[in-house]
Amino acid sequence: MMRRRNLVMLALLPLVSGCNRWRPNEARTLYFRHPQVAWDMALVVLQRHGYHFQPDPNRYHIEVAAKLDRGGTRRSYISIQVFDDASLEIRVHGDHVLSSEGKMHRKLAAEVDDLTQALLATGQAVR
């Protein structure tokens, strides 16, 4: 009986360890006093974090390849959109996102969290 339980526990181990790999894929929204301030802060933070990008200032849109994918064949992207109401929205898509389940890989989530915290640390976000 004890041996059987150990085999069941070993069989379930990959499932349990894999469950912590995915996080909810939710857009992060920050608010600034003015859209131009939000745009400028996004550019500064991305440059400081070593991202390479071609911003689209006409649409207030930036898309960068996630650092998680550097050197690999898989690609995930972080999109930053600034709206007229001075809100800044961060979204992700690509290989490390399970769209059907609304989840993203924990390493990609950590990268987005770092960017969000850096934007908040500028002191320009009002909430």
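How many bridges join β4 to strand β5, and in which direction do the two run? In this predicted model, seven bridges link β4 with β5 (residues 87-94), and the pair is antiparallel.

The protein contains three helices and seven strands. Of its 127 residues, 35% count as buried. Among contacts between residues at least 6 apart in sequence, 54% join residues that are at least 24 apart.

Attention can now return to β4, which spans residues 76-82. Is this strand largely enclosed or left open? Six of its seven residues are buried, so β4 is largely enclosed by the rest of the structure. Besides its pairing with β5, β4 is joined by five bridges to strand β3 (residues 61-65), again in an antiparallel arrangement. In general, strands of a sheet pair through backbone hydrogen bonds, in either a parallel or an antiparallel manner. The hairpin of β4 and β5 has four residues between its strands, and here Ala86 adopts a positive phi near 70°.

A further group of strands forms an open sheet. Which order do its three strands take? The order is β1-β7-β6, with antiparallel pairing. The edges are held by β1 (22-24) and β6 (97-98); each has a single partner strand, so one side of each is left without a neighbour in the sheet. Two bridges connect β6 with β7 (residues 103-105), and these strands run antiparallel. Within this pairing, Leu98 lies opposite Lys103 of β7. Helix α3, covering residues 106-121, packs on the sheet and touches β1, β6 and β7. The direction of α3 makes an angle of about 90° with that of β7.

Key:
Residues are numbered from 1 along each chain as its sequence is written. This is a predicted model: local features need pLDDT of at least 70, side-chain atom pairs count only at pLDDT 80 or more; totals for chains, interfaces and linings use all residues. Side-chain values use heavy atoms; hydrogens and water are left out. Two strands pair if DSSP finds at least two bridges between them. Contact means heavy atoms within 4.5 Å. Axes are lines fitted to C-alpha atoms, for helices over the stretch in contact, and angles run from 0 to 180 degrees between N-to-C directions. Buried means under 20% relative accessible area, exposed over 50%, partly exposed in between (1.4 Å probe, protein chains only).
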